[in-house]
Every structure is written in C-alpha cells, then in structure tokens.
Amino acid sequence: MKLYYKAGACSLSPHIVALEAGLDIGIEAVDLKTKVTETGANFLETNPKGSVPALILDDGSLLTEGAVIVQYLADQAPASGLIPAAGSVTRYKVQEWLNFIATDLHKGFSPLFNPATPDDYKAMAKQNLDRRFAHLERTLADGRSYLTGETFTVADAYAYVVLTWAAQVGIDLAAHPKVAAFVIRVGQRPKVQAALKAEGLLAA
C-alpha cells in the first residue's frame with residue numbers, strides 16, 4: 001500500500017494508524033498547490049479529488065477520505081485494538097467520534113488557514129471551535145486517557161492531528177487543560193513520534 005500525504009495535514013492521521021497497526025506501507029508527499037508528488041507524478045491522475053490522504057491498496061485501487069482510510073487500515077490489524085469489531089456498539093462510538101472530528105473540528109479549522117477569510121469570520125470560527133474543545137474537555141474530565149476510554153483508537157489519532165493545528169492558527173488550548181494534556185500524551189506515543197519524524201516534523 002502507498003499513502004499520499006502532506007506533512008502535518010490530516011493525512012498524518014492514517015500515517016500514524018498504519019504505524020500503530022504495524023502495517024508496511026509506502027508514503028509519498030504531495031504538493032497540494034501544484035498537485036505534483038515528490039517523484040514528479042501528476043497527483044490528479046492518482047486521485048482526481050486532488051486532496052490527501054489517498055491510499056493505494058495492494059490491488060491498485062484507490063481509497064480516499066481520512067476517516068474511512070483509518071478504519072480500513074485498522075481493520076487490517078484487528079489485534080492492534082485501533083478499532084472495535086464491526087457491528088459492535090463500541091465501533092459505532094469510534095465512528096461517532098470520527099464524524100465529529102471530521103465535520104466539527106477539521107472543517108472548523110478550514111477558514112483559519114485561508115488567507116482570504118475576513119478577520120471577523122475568523123473570530124467566529126475560533127469561537128465555534130472553542131465550543132468543540134469544551135465538548136472534548138468534558139469528555140476527558142472523567143480521567144480517561146483517550147476519547148473512548150483507555151484504549152488508543154483511530155479517533156484519537158485523528159483528533160490529535162487536528163488539535164495540533166491550534167498552535168498554527170493562534171489558538172491556545174490552555175483554557176482546556178485536559179485537551180492540551182491529551183495532545184501531549186498522544187504526541188509522546190512512539191509510533192506518533194515515528195510518523196512525525198518521517199514527515200519531517202521532528203528532528204531525526
């Protein structure tokens with residue numbers, strides 16, 4: 001399998017999951033402005049959507065959308081515990097988190113990365129994100145290590161990546177100490193560190 005990614009983008013989530021699952025995958029960086037990969041290929045020929053992550057499966061087929069890709073990867077290594085069994089309530093709980101992260105958190109950051117977004121709209125976007133952070137804070141307030149308890153899942157990988165964007169757009173998570181601690185805790189996992197280093201986000 002091969003994962004197309006942009007360093008630090010949402011594609012970092014399936015990169016982390018693949019390493020946590022012990023899967024042997026290749027990675028190839030994409031310049032999202034030019035749509036050219038690090039090997040000089042036209043990325044649009046691989047993924048017409050032009051977005052990352054994009055995963056080429058062993059049979060050569062394409063899988064896109066991060067929340068789907070992480071589930072596929074985790075299902076390749078069920079013993080990893082990265083996602084509960086299909087059909088179980090706990091599986092749906094993880095999917096509930098994936099959907100929340102994708103629609104409320106991930107998309108909530110989008111206006112803040114767009115230089116054309118008016119400042120007053122950016123202020124509103126930050127207020128909306130703060131309410132989402134408050135929900136995470138309440139969830140983690142019972143002392144759990146991860147979103148669904150003590151087991152690290154694909155939802156935690158996705159949440160971690162999105163939450164790391166806060167510092168890039170001038171959001172201080174100090175007002176949500178449980179969330180801030182979650183980011184630190186996940187970031188210290190050896191496979192997370194390995195993914196960060198592979199993408200050039202940490203010193204080797």
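Predicted model: local features only at pLDDT ≥ 70, side-chain atom pairs only at ≥ 80, totals over all residues.

Visitor: Fine. What do the buried residues of α3 pack against?
Guide: They pack against α1, β4, β5, α4 (89–113) and α6 (154–168).

Visitor: And how many residues of α3 are buried?
Guide: Seven of the ten, so the helix is mostly covered, with buried meaning under 20% relative accessible area. The buried ones are Gly66, Ala67, Ile69, Val70, Gln71, Leu73 and Ala74.

Visitor: α6 was on that list. How many of its residues are buried?
Guide: Twelve of 15, and α6 too is described as mostly covered. Among the buried residues are Tyr158, Tyr160 and Trp165. The buried residues of α6 pack against α1, α3, α4, α5, α7 and α8. Just after α6, Gly170 has a positive phi of about 75°.

Visitor: OK, zooming out. Which domains does the chain have?
Guide: The assignment gives domain 1 as 2–80 + 191–199 and domain 2 as 89–189. Their C-alpha centres are 21 Å apart. Domain 1 puts 17 residues into the contact and domain 2 puts in 15.

Visitor: How much area is buried between domain 1 and domain 2?
Guide: About 1,300 Å², with carbon and sulfur atoms giving 63% of that. On the domain 1 side, Cys10, Gln71 and Val192 lose the most area to domain 2, and together they make up 31% of what that side buries.

Visitor: What about salt bridges and polar contacts across the interface, how many are there?
Guide: Two salt bridges cross between domain 1 and domain 2. There are also nine residue pairs in polar contact across the interface. On the domain 1 side, the elements giving two or more residues are α1 (12–21), α3 (66–75) and α8 (190–198). By class, that side has ten nonpolar, four polar and three charged residues.

Visitor: Which residue does Arg91 form a salt bridge with?
Guide: With Asp75, and the closest N and O atoms are 2.9 Å apart.

Visitor: How many salt bridges does the count come to?
Guide: Seven. One of them pairs Glu20 with Arg189 at 2.8 Å, N to O. Glu20 sits in helix α1 and Arg189 in the loop between α7 and α8, so this pair ties together parts that are 169 residues apart in sequence.

Visitor: Is Glu20 buried or exposed?
Guide: Buried, as its relative accessible area is 17%.

Visitor: Which residue does Lys93 pair with?
Guide: Glu96, with the closest N and O atoms 3.7 Å apart. Both residues lie in helix α4, three residues apart, about one turn of the helix. Lys93 is partly exposed at 45% relative accessibility, and Glu96 is partly exposed too, at 49%.

Visitor: And Arg132, what does its side chain meet?
Guide: Asp104, in a salt bridge of 3.1 Å, N to O. Arg132 is in helix α5 and Asp104 in helix α4, so that pair links parts 28 residues apart in sequence. Arg132 counts as partly exposed at 25%, and Asp104 does as well, at 24%.

Visitor: Switching to backbone. Where is the cis peptide bond?
Guide: Between Val52 and Pro53, with omega about 5°. Pro53 is in the loop between α2 (43–46) and β4 (54–56).

Visitor: Last one: what is Thr139 in contact with?
Guide: Setting aside neighbours within four places in sequence, Thr139 touches Trp97, Arg144 and Leu147. Thr139 lies in helix α5 (residues 119–140) and is buried at 13% relative accessibility.

Technical notes. Residues numbered from 1 in each chain as written. Heavy atoms only, no water. Domains from an automatic or database assignment. Contact = heavy atoms within 4.5 Å. Buried area = accessible area lost by both parts, 1.4 Å probe. Salt bridge = Lys/Arg side-chain N within 4 Å of Asp/Glu carboxyl O. Polar contact = N/O pair within 3.5 Å; in protein donor to acceptor, adjacent residues only side chain to side chain. Helix = DSSP H or I, 4+ residues; strand = E, 2+ residues; numbered from the N terminus. Nonpolar A, V, L, I, M, F, W, Y, C, P; charged D, E, K, R; others polar. Buried < 20%, exposed > 50% of the residue type's maximum accessible area, 1.4 Å probe, protein only.
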